[in-house]
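Subject: Handing over the structure

Hello,

Here is the structure I promised to pass on to you. Please have a look at it first, and then read my notes below.

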Amino acid sequence: MNGGPAVLAIAEWWPILPVGAAAAILSALIIRLIRPHLQKHALAKPNARSSHRVPTPQGAGIAVVAATLIVAGSVLSGRAPAGLFGATLFIAALGFADDIKPVPVLPRLVLQAIAVGALVFASPAEFRVASTVPFWIERGLLLLAGLWFVNLVNFMDGLDWMTVAEVVPITAALAILGIQGDLPLPTTIVTAALCGAMIGFAPFNRPVASIFLGDVGSLPIGLIVGWSLLQLAGEHHLAAALLLPLYYLADATVTLLRRMMRHEPFWVAHRSHFYQRATDNGFTVTQVVSEVFVLNLVLAALAATSIRAGSLALETALVALGGAAVALVMVRFSRPRSKPAAI
């Protein structure tokens, strides 16, 4: 899944901020154009597992994905990762179909696996994350990891601003790492564009949201972010690639395992994620997403430090520190919020 040159040249630094700004503006403009149509044809109606109380249009992911691909493709031109763009459009179409009429679980997973597999198995043979693992076993594990990551972003997109609080810090950190030469140029441009597109979406999704991403947004965003993190791991920065999405990984994975242990139908949507339990425990939506945003800034700082660590022991310690920070937030979310004492 390697996307291009290993180092971002100093002469190529200049497009990063304009890329983000252009994607933000384009994303916001497209949302304004399509929102009336989504209001008529793609309403998310409240149910027992919802965090919203009134029917709300979904499908803003169309704008986010379109802005990301248009801006990144225009800047990169012939160097654009065609495989990523094709897989993103494919999985976005699947998400849009699911937004309009739910697609059964098995066909949905198969089609998602096709999109992820197209990226994993089309990667150059020399692209390795763990060279000590046999080639085909590593490719199979990457397929499973990519499929899980695409779905966990979808699972975690259940609260206003939640995906913004996760994706903006991750993509901003990846773009900065690219500027410093730690990522290929295509990955740097794509992450800068996605960061900007999510910022353009943010005003429409602030609590109480006037529009949601929908599966047409969460699935391709998961694919793009997962691909970008894999590029980082492929540059021998596995600790950083784990640290950046660690909250999403931990919340979604622990929740899934707990549901499986309880023999619950884990493939059915629910309200048992830690961030969802937090709102049931007295946290406001703004408090939840603010804590997640700050946590992601901490994880981004740890990830950047791990790249400069120069020692496996220090990298391991930084991952452990990040895990402790994530665990602290998850424990806070799982307990009723204490009220200030009356004066």
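Let me begin with Trp136, which counts as exposed because its relative accessibility is 62%. The terms work like this: buried means under 20% relative accessible area, exposed over 50%, and partly exposed in between, with a 1.4 Å probe and protein chains only. Before going further, please note that this is a predicted model, in which local features need pLDDT of at least 70 and side-chain atom pairs count only at pLDDT 80 or more, while totals for chains, interfaces and linings use all residues. Residues are numbered from 1 along each chain as its sequence is written, and side-chain values use heavy atoms, with hydrogens and water left out.

**Aromatic pairs**

Searching the whole structure turns up five aromatic pairs. Rings of Phe, Tyr and Trp (its six-membered ring) pair if their centres lie within 6.5 Å; planes under 30 degrees apart count as stacked, over 60 as edge-to-face and the rest as tilted. Phe121 and Trp136 are stacked, because their ring centres are 6.1 Å apart and their planes are at 25°. This pair links distant parts of the chain, 15 residues apart: Phe121 is in the loop between helix H4 (105-120) and helix H5 (135-156), and Trp136 is in helix H5. Helices here are DSSP runs (H or I, at least four residues), as are strands (E, at least two), numbered from the N terminus. Phe121 counts as partly exposed, at 40% relative accessibility. Together with Phe135, Phe121 and Trp136 form one aromatic cluster.

What about Phe283 and Phe333? Their ring centres lie 5.5 Å apart with the planes at 80°, so this pair is edge-to-face. Phe283 sits in the loop between helix H11 (274-280) and helix H12 (285-309), and Phe333 in helix H13 (residues 312-334), so the pair ties together parts 50 residues apart in sequence. Both Phe283 and Phe333 are buried.

**The core**

The largest nonpolar core has 95 residues, and those with the most contacts inside it are Met198, Phe201, Leu232, Leu244, Tyr247 and Phe333. Helix H7 (residues 185-205) gives the largest share of this core, 12 residues. By nonpolar core I mean a set of buried Ala, Val, Leu, Ile, Met, Phe, Trp, Tyr and Cys residues joined through side-chain atoms within 4.5 Å. Leaving out residues up to four places away in sequence, Met198 touches Val64, Thr163, Val164, Val167, Val168, Leu213 and Ile221; contact means heavy atoms within 4.5 Å.

**Around strand S2**

Pro57 is in strand S2 and counts as buried, at 2% relative accessibility. Not counting residues up to four places away in sequence, Pro57 touches Arg35, Leu38, Gln39, Ala42, Leu43, Ser210, Ile211 and Phe212. With that same exclusion, the contacts of Gln58 include Asp99, Phe212 and Gly214. Pro57 and Gly95, 38 residues apart in sequence, are 15 Å apart in space, C-alpha to C-alpha.

Best wishes
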